[in-house]
Amino acid sequence: MSENVDLENSAFWTELCGSHLAKSIGIEDHSEASLAKFDAWYLDFYPYLEKHIPGAEVDGKDVLEIGLGYGTISSIFMRNGARYTGLDIAPGPVEMSHNRSNILQVEANALQGSAKDIPFPDESFDFVVSIGCLHHTGDLPKALSEVYRVLRPGGS
């Protein structure tokens, strides 16, 4: 059953979370200007997010984001100097993360994989962030267990 949930999620989320929003505000491409417009709308609509997203404290730190969507949060980490890694069950958000890192001209790593089987060793990250994603895995306890496994002691 768990494998079926992963396959269904991969198929569903290949269209980026936020695609309908993007279309509704007139975004038709993934250019720097279009993504800036998307990000401004997104962060204005969810003003509390930036209070909970680590900023300057990620500089030089290892950050894992699970569930990449349109990449707004990814770009915040990239701009703040994180050693950024993204993980998503679907290829579309992974491609968007690569697009974001190319636009920002920063090194970043994004790959397709499951939050229930995070493909990194124990204690790999200083920060792990996931917004609106883990509950879609079909096994929230397993996903949370994996988050804590890859988080370093004292991490957040």
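The following paragraphs describe the fold, surface and selected local features of a predicted model of one protein chain. Residues are numbered from 1 along each chain as its sequence is written. Because the model is predicted, local features need pLDDT of at least 70 and side-chain atom pairs count only at pLDDT 80 or more, while totals for chains, interfaces and linings use all residues; side-chain values use heavy atoms, with hydrogens and water left out.

The chain contains 7 helices and 4 strands, where helices (H or I, at least four residues) and strands (E, at least two) are DSSP runs numbered from the N terminus. The order of these elements, starting at the N terminus, is α-α-α-α-β-α-β-α-β-β-α. The radius of gyration is 15 Å, close to the 15 Å that the globule rule gives for 156 residues, so the chain is as compact as a globular protein of that length. This radius is taken over C-alpha atoms, and the globule rule is 2.2 Å times the number of residues to the power 0.38. Along the principal axes, the C-alpha atoms fill a box of roughly 40 × 35 × 25 Å.

Contacts (heavy atoms within 4.5 Å) were examined between residues at least 6 apart in sequence, and 65% of them join residues at least 24 apart. Of the 156 residues, 48% count as buried; buried denotes under 20% relative accessible area, exposed over 50%, and partly exposed the range in between (1.4 Å probe, protein chains only). The accessible surface of the chain amounts to about 8,400 Å², and carbon and sulfur atoms account for 53% of this area. Accessible areas come from the Shrake-Rupley method with a 1.4 Å probe; for residues, only the protein chains shown count as cover.

Strand β1 (residues 62-66) is largely enclosed by the rest of the structure, because 5 of its 5 residues are buried. D62, L64 and I66 point one way from β1, whereas V63 and E65 point the other way. Strand β1 runs parallel to strand β2 (residues 83-88), to which 5 bridges join it; pairing requires that DSSP find at least two bridges between two strands. Within this pair, L64 stands opposite T85 of β2.
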